[in-house]
Amino acid sequence: MKGLQWLFVLAFCLPHQSFSQHIYYSVRGQVTHEGQTPLTGANVILNSGEKTTITDKDGKFVLAEMVAGKYILEVSYLGYEKYTGTLNIVSDTSVVIMLKPQFQTLEEVAVVGEYSGMLKREDPTSIESVNKQYIKNYLSGNLMKTLDRLPGVSAIEIGSGQSKPLIRGLGFNRVVVVENGIKHEGQQWGEEHGLEIDQYAIDRIEIIKSPASLMYGSDAIGGVINLKQIEIPAENTFGGMLDMTGKSNNNLLGISFNAYARKNRAFVSGRYTMIDYADYHIPAGSVDIYSYSIPLFRNRLRNTAGNEQYLHFSIGSIGKHFFNRLFISNMKNKVGFFANAHGLEPRNVDMSLHDKSARDIHYPFQEVNHFKISAKSTINHGINQIEAIFGYQNNFRQEWSQYVAHGYMPAVFPDSLSFPDVLELQFDKDVYSGALKNTISFSDKFSLTTGFNSELQKNCIDGRGFIIPGFRQFTMGVYMYDKFSLSEKIILHAGLRYDFGNIEIKEYYDWFKSPVINDHGDTTHYDYLQRTAGLNRRFTNICWSVGINYNGSVFSLKANIGKSFRMPIAKELAANGVNYHHFSYEVGNPKLSSEVSYQFDLGLEWKLSRIVLGLSPFLGYFPNYIYLNPSYRHDYLYGAGHQIFYYTQSEVLRAGGEIHLHYNVLKQVKAGVVGEYVYSEQLSGEKKGFTLPFSPPANVLLNLNYSPGIGKMFNETYISVDYKLVAAQNKIVPPERKTKGSQIVNISVGSKFEWKEQFVSVNFQVQNLFNSKYFNHTSYYRIINVPEAGRNFIINLSIPFEHQTGKNRK
């Protein structure tokens, strides 16, 4: 034991003893742009995060306690090209760095700049990247709605606070959402189950608009939305940010407070976010539901109020050859469902109760608590970079509504059951995940990445309703991916992956008895109906990908072809119940096979001095696409008369893409056009020749951005106008309804001004400027003729504070 104690003492003391023998130097610098004007708040990074700081109001920075040697210095600032250079330190050093303005595209007006450009140059897939400033500039009701301004990205919505991401028309379990390195797992199979993500806590978002099963496994067949908290406090500082948001449409009030500190190589941060909102307005005084006209009090969609709370904590350490970070977060919300469209017959809703207050939440509503912890470690050892990530999540969701007897359910709810009569559904999901990745850089031209990731899910159910059974699911995959620079302009990519998955589904019986009928149509006795039988399925698959990048001075090209897969989820295999949010009775198919996709992606871009033109076409083929097929039948015994939908598979051809054109009209005026189109056709099955349900229509976004220079006090001032034209969607799957086209105008204005040596950010938006009544074809409320939200004024105020400590203090 004493030997071990001495070993720990030596382990901690010897490094400090060795450091004490070094002579330390300092690096003092200034960051400017055209005309030698200082840049305040520029990010200064040494050796990929070993030391970081930001420039002060005079554009100056100090890096202290530097040992003699060679270092890589990076300086970045939004709207300017990133600077990367080598520092050879043998004494105290002074540097002056001048950043060059960067040509900004429509997305990059609020985006990541050089990092985004690097991704596009070196990744063969179609990819976009945005930062926290973009989120503030275009903040909407939820994160996915905020992102649907980007080409190829849209949202399936149900209400003002709930939505799912769609990438090129694919969503739900076909799009993986990753937060801080681990796959976010809630109950994403449900239309009303929004992502449990705090918009204020995200620093960067990377969106892969192509199949990405190679690196992310099953469910990434449609793409990936990668959410990152990457900001690291400057060395020897403490500070934070107060964000305040207000929205007029649903009287939303949001407050998010972040605090951080860093001492030498260790840092810590925390955040608390609280959001409260009322029923939201639509530009209509009534809606038609099941042929009934339902009046709306003051144009509010009753019982769509909600509240959300988020708590985050992070701690980490940075070394010369390692980086460790731990994330802990918890989200809790309570959100109402539109009272006239959930369970009760629309005319039986007590509208006077709901209309007393726009902020009250009555039945029906849902409560969600999502806990997440993840740990990430990165080690640089020689030519190897090793990355390990481990995570745990618990998603606990309850849906509450008044008890209404359907079919053979008893008129009076029995008190002998283990759950109350108002608990409609309950899901309790535990998720354990882990990943290990090693990248070997044999040279500056060739690297090889190998990796392993695995996930275990356990989902338990309760409540009087039934839609999916309890299940246990295990997945694992191994992969290898190499990147070879054939020349300064050409990069080749190739990858291979093997996946294994197993899902065990628990049998389920109704809690009430139903008649058992013989072959002659006579009732023989009453028994508990089995909704789902026990099921154990295994799935395996091999994926591959091959790509190329060509980066010329004016023209760039990227191409990628590959195979992806997705194993069917519990809902697709074993659903047998009412989905009130989809207004359907859904029936699973236990014989479904794994979904496979072959897709070709191409990216072309021409960049001249004042013009950028880009095309991103794609072509995909699914030999066995899984989808929910609407029928003309209705279930009146167990489904409350809802239309029956069956899970099935068919051959599907998909094609489309995005186009963007950006023009620098003047130095401070930029114009842009972004368009997207998705074509889908079923090549087999009973709906052969038809498209897929909820296919997004073609649309075009026209943008004009003016960035005036308003003295030294104001920074990054902008005025942005969006004019979005959405085509009519006439290609539908019967009995789906056609949706008319729409035209929407949005305005965004913002600036930063200096206050007590800090830059306060103010952003103001008007969404749906003319209060237009229009329908979103990918919204589930479209089924019951509920239009999109009316005019919305949004203001966001961000107040930062930061102080330097120790040797960094001036």
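Colleague: Is Cys460 buried, partly exposed or exposed in this model?
Modeller: In this predicted model, Cys460 has a relative accessibility of 41%, so it counts as partly exposed. Buried would require a value under 20%, and exposed a value over 50%.

Colleague: And Cys543, buried or exposed?
Modeller: Cys543 has a relative accessible area of 0%, and is therefore buried.

Colleague: How many disulfides does the structure hold?
Modeller: The number of disulfides in the structure is zero.

Colleague: Let us turn to the whole chain. How many helices and strands are there?
Modeller: The chain contains seven helices and 44 strands. Its radius of gyration is 28 Å, and the globule rule gives 28 Å for 810 residues, so the chain is as compact as a globular protein of that length.

Colleague: What does the C-alpha trace span along its principal axes?
Modeller: The span is about 95 × 65 × 50 Å.

Colleague: What share of the residues is buried?
Modeller: Of the 810 residues in the chain, 55% are buried.

Colleague: Which share of the contacts with a separation of 6 or more joins residues 24 or more positions apart?
Modeller: Such pairs account for 67% of those contacts in the chain.

Colleague: Now a sheet. In what order do strands S4, S3, S6 and S7 stand?
Modeller: These four strands form an open sheet in the order S4-S3-S6-S7, with antiparallel pairing. Strand S4 (51-54) and strand S7 (83-89) stand at the edges with a single partner strand each, so one side of each has no neighbour in the sheet.

Colleague: By how many degrees are neighbouring strands turned?
Modeller: Neighbouring strands of this sheet are turned against each other by 20° on average, with direction ignored.

Colleague: Over how many bridges do S3 and S4 pair?
Modeller: Strand S3, residues 43-46, pairs with S4 in the antiparallel sense over four bridges. As one example, Val44 has Thr53 in S4 as its bridge partner.

Colleague: Finally, the confidence. What is the average pLDDT of the chain?
Modeller: The average is 86, and 91% of the residues score at least 70.

Colleague: Where does pLDDT stay under 50?
Modeller: One such stretch is residues 1-22, for which the model has three contacts beyond four places in sequence. Residues 103-115 also stay under 50, and there the model has 47 contacts beyond four places in sequence.

Colleague: How should predicted coordinates be read where pLDDT is low?
Modeller: Where pLDDT is low, the predicted coordinates should not be read in detail.

Notes:
Residues numbered from 1 in each chain as written. Predicted model: local features only at pLDDT ≥ 70, side-chain atom pairs only at ≥ 80, totals over all residues. Heavy atoms only, no water. pLDDT = per-residue confidence, 0-100. Contact = heavy atoms within 4.5 Å. Pairing = 2+ DSSP bridges. Helix = DSSP H or I, 4+ residues; strand = E, 2+ residues; numbered from the N terminus. Axes fitted to C-alpha atoms, helices over the stretch in contact; angles between N-to-C directions. Disulfide = S-S within 2.5 Å. Buried < 20%, exposed > 50% of the residue type's maximum accessible area, 1.4 Å probe, protein only. Rg over C-alpha atoms; globule rule 2.2 N^0.38 Å.
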